[in-house]
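Reader: I am new to this structure and would like a close look at a single part of it. Could you take me through one loop and its surroundings, step by step?

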Amino acid sequence: MEVPRIPLGRTKVEIPPLGVGTWQWGDKFYWGFGKEYNENDLYEAFQKSLKLGIDFFDTAEVYGMGLSERFLGTFIHRTQAKVVIATKFMPWHFLKGSLMKALKRSLQRLGLPRVDLYQVHWPIPLRRVEVWADALADAVDAGLTRAVGVSNYSLHQMRRAYEVLSRRGIPLASNQVEYSLLKREPERNGLLQACQEMGVTLIAYSPLGMGILTGKYTPEHPPPGFRNRRYGGRLLFQIQPFIQRLREFGEAHGGKTPAQIALNWVMCKGAVPIPGAKNARQVVENAGATGWYLTPEEVASLDEISRNLHP
């Protein structure tokens, strides 16, 4: 499948307009790995992603306590596939050098000499934003990553990181935040617009609201575990008419699913969604969001009817 490539920020790294999030890969606590899906399911999802031209995978050192990176590394070497890999550092350390050490451990789990994108996972206030931005620049200079980004950074924090990296001659490639029809804060707080003005790619995690926007969950069939605490209850009643509207939009585009409409909306906003995929079937559905676009009028309509949806 021929999928167009887009630049990651103002770097030489190119990615498809949609990626694969791997939070679920090995996570037993939140996602229940080992119960409804296993390593073989993940390997099939990996293979199907490549076949469909979706070769951008986002992971992190904390996903599955390192299992996500290990699975991804195993799959890469099993297939000898050329992929674009992003991973993340959790800054619960005091020493600047801990970022480089964490990156080297991630590279060991992945079995790679370098990654394409290395990100600070959260702006945990143990050290200033500037410290970690400078450490990211060191990682680029060491040849351990092609590009660097941040995750869950506010507009102010992103600008500070951008300035430090700019002084080192390195672009801030991305800011990964939660963004979907259910979580539109990046629009409201100016982050999305600032990313576009600064040449920073906004990577949207949980673009399907942890499955809520797929339409498979109802008040009678809520999501399991912790997702039910966050997205269950009143929201499941409130969102059913909205899901029906997504189906109507899908019919106008040849039978697209609610999930595909929701993902396409994110891409129309200029962001790169990275929906999770636990099996090949989910990969196929997610990939069906590429190769076409909602009209500006449809995007505006979805903006309006999703305005009052709040998890």
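Author: In this predicted model, the place to begin is His121, which lies in the loop between strand 6 and helix 4. Because its relative accessibility is 6%, under the 20% cut-off, His121 counts as buried. Leaving aside its neighbours within four places in sequence, His121 is in contact with Ala60, Val62 and Tyr63, with the run Lys88, Phe89, Met90 and Pro91, and with Ser151 and Asn152.

Eight strands form an open sheet in the order 3-4-5-6-7-8-9-10, and their pairing is parallel. At its edges are strand 3 (20-21) and strand 10 (272-273), each of which pairs on one side only. Helix 4, made of residues 129-141, packs on this sheet and touches strand 5, strand 6 (115-120) and strand 7 (145-151), while its direction makes about 160° with that of strand 7.

Strand 5 covers residues 84-89 and pairs in the parallel sense with strand 4, residues 56-58, over three bridges; within this pair, Phe57 stands opposite Ile85 of strand 5. In general, the strands of a sheet pair through backbone hydrogen bonds, either parallel or antiparallel.

Definitions and conventions: Residues are numbered from 1 along each chain as its sequence is written. This is a predicted model: local features need pLDDT of at least 70, side-chain atom pairs count only at pLDDT 80 or more; totals for chains, interfaces and linings use all residues. Side-chain values use heavy atoms; hydrogens and water are left out. Two strands pair if DSSP finds at least two bridges between them. Helices (H or I, at least four residues) and strands (E, at least two) are DSSP runs, numbered from the N terminus. Contact means heavy atoms within 4.5 Å. Axes are lines fitted to C-alpha atoms, for helices over the stretch in contact, and angles run from 0 to 180 degrees between N-to-C directions. Buried means under 20% relative accessible area, exposed over 50%, partly exposed in between (1.4 Å probe, protein chains only).
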